[in-house]
Amino acid sequence: MRRRKQTIVEADVTGIAFGGRGIARLEGMAVFVEQAVPGDRGRIRITRRRRHYAEARLVELLGASPDRVAPPCRYSGFCGGCTWQFLRYDRQLAYKREHVRECLERIGGIGGAAVHPTLPADPVFAYRNKMEFTCAERRWLLPEEMGRDEIEPGLALGLHVPGTFNKVIDIAQCLLQPPLGNRILEEIRSGIRESGRPVYGLRTHAGFWRFAMLRSSCADGRWMVNMVTASEDADALDALALRLRAKFPEISSIVNNVTARKAGVAVGESERVVWGDGFIRERIGRFEFQISANSFFQTNTRGAARLYQTVLDCAGLKGTEVVLDLYSGTGTIPIFISNSCREVLGVEIVPAAVADAERNCRLNGVANCRFIRGDILEGLARADAHPDVVIIDPPRVGMDKEVVGRVLAMAPARLVYVSCNPATLARDLALLGQRYEVAEVQPIDMFPHTFHVESVARLERRALP
Ligand SMILES: C[S@@+](CC[C@H](N)C(=O)[O-])C[C@H]1O[C@@H](n2cnc3c(N)ncnc32)[C@H](O)[C@@H]1O
């Protein structure tokens, strides 16, 4: 490979890397190719070189992999919402499983663990119950839109080009949300245009409209609109609420989060319920959950049900056990398993999540779940529990080493580890390996057309020699 910038070469894609990029090999060096899959042959442009690897873009497909399908979304390949639409779904599932297996082997040194085939999602589109769309002063034009006079370059309400903070594609139809969401989004776009208030500039940090967050319930088909703005302006919000209510009886809540922070995060320092309840209701299994604009809730409701059922199956509860749920969030796992054990103790750092968990217990008449609010280490010290089973569902960074040490010292008979990051899963399972055998790992697809994969691992305590 010649070491000149922007070299274009022909290459065969033979593997796939985490992050969804294809891998080609040129003179022994791995080249990570955007939007390419194993079986592709193409002309690729080298965009970045490092000592041991290079990055590239596919310029021209000379021979398409049999794993390719025509993506149904017109933004596919440009939008960061889902980057794997062009890959056959059964191959997505196979690659996800392979990725989990490889991480366990390479990072954790855990060879031969039983990694089951990935549990598929159903449906594979319109599965998200929450979407956040960014407002921008100028839309990022797709190649097909360039130079077309009828396309106004102004206001965008949509999703980012991957890896960018200021390139926003104006999204007319997102296939990840139920179709009604796209009609609501269109009405919000019109409302913003006609409001006379400026859109927030992602570089200038001046302006009013920042994000539109849509939440929907699989249980009753109700919707929540959360408009995130840079300041308070009741007239503007009331006017938008009026037009949304007039058109969409399915909307049961309209909320305004206000944030003066420059960071592109759709959570406000203050919140006002503009109209309606200020929450929606969702159902997982036979349990109901109240979800406010800023509550954490799994974004794929049906996927969450499959995930929690897998946790329950792995926990192997008989009804008499004391269960400790570390990183318990809004209490969805404790509530889901509450009928199957004697008691659940959850530990969670975010006070609002604990408040949601306690409220959701009351809502469901669940009396055997308690929650400790605080950092996991402090919570473990306060818990003074002798659990039979410990469920661990940490954030992407995984468990702190000290937390691993505490769990090892507690030595419950069984651990169930829920992970959204196979790399930290592998690292933590290796640490827990001092006393626990990985009995099985179940990858679950919660996010079709993305490379993300959830896993549930069952660990059994080894008998002491
Ligand atoms: C992946 S979520 C788990 C959510 C929950 N199990 C569920 O399914 O809804 C991880 C949770 O860990 C919490 N968390 C992160 N760091 C923590 C810490 N140091 N101590 C306690 N909780 C923490 C986060 O607030 C978040 O709710």
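**Domains.** I began with the domain assignment of the chain, which gives domain 1 as 8-68, domain 2 as 90-123 + 300-461, and domain 3 as 130-284. I kept in mind throughout that this is a predicted model. I then looked up how far apart two of the domains lie, and found that 33 Å separate the centres of domain 2 and domain 3, taken over C-alpha atoms.

**Barrel.** I next followed the strands S1 to S5 and found that these five close into a barrel, in the order S1-S2-S3-S5-S4, with mixed pairing. From one strand to the next, I noted a twist that averages 50 degrees.

I took the pairs of this barrel one at a time. Strand S3, residues 29-34, pairs with strand S5, residues 53-63, in the parallel sense, and I counted five bridges there; as an example I wrote down phenylalanine 32, whose bridge partner in S5 is glutamate 55. S5 also pairs with strand S4, residues 41-49, but in the antiparallel sense and over eight bridges. In that pairing I noted arginine 45, which stands opposite arginine 57 in S5, and I recorded that S4 and S5 form a hairpin with three residues between them. For strand S1, residues 8-16, I found antiparallel pairing with S4 over five bridges, and here aspartate 12 stands opposite arginine 41 in S4.

**Open sheet.** I then turned to the sheet of seven strands, which is open and has the order S17-S16-S15-S18-S19-S21-S20, again with mixed pairing. Which strands stand at the edges? I found strand S17 (369-373) and strand S20 (436-444) there, each with a single partner strand, so one side of each is left without a neighbour in the sheet. Neighbouring strands of this sheet are turned against each other by 15 degrees on average, direction ignored. Within the sheet I looked at strand S15, residues 322-326, and strand S18, residues 389-392, which run parallel and are joined by four bridges; one of the residues I checked was aspartate 325, whose bridge partner in S18 is isoleucine 391.

**Helices.** For helix H7, residues 376-383, and H8, I found axes that come within 10 Å and cross at roughly 20 degrees. That angle is under 35 degrees, the cut-off for this class, and therefore H7 is roughly parallel to H8. I noted that the crossing of H7 and H8 is left-handed.

**Ligand shell.** Last, I looked at the residues around the ligand. Which of the 18 come nearest? I wrote down Tyr327, Gly329, Ile349, Ile376 and Asp393. Sorting the shell by class, I recorded ten nonpolar, five polar and three charged residues. As for the elements that contribute, helix H5 (332-337) and strand S16 (343-348) each supply at least two residues of the shell around the ligand.

Terms used: Residues numbered from 1 in each chain as written. Predicted model: local features only at pLDDT ≥ 70, side-chain atom pairs only at ≥ 80, totals over all residues. Pairing = 2+ DSSP bridges. Near = placed C-beta within 6 Å. Nonpolar A, V, L, I, M, F, W, Y, C, P; charged D, E, K, R; others polar. Domains from an automatic or database assignment. Axes fitted to C-alpha atoms, helices over the stretch in contact; angles between N-to-C directions. Parallel < 35°, antiparallel > 145°, perpendicular 65-115°, else oblique. Left-handed = near helix turned anticlockwise from the far one by under 90°.
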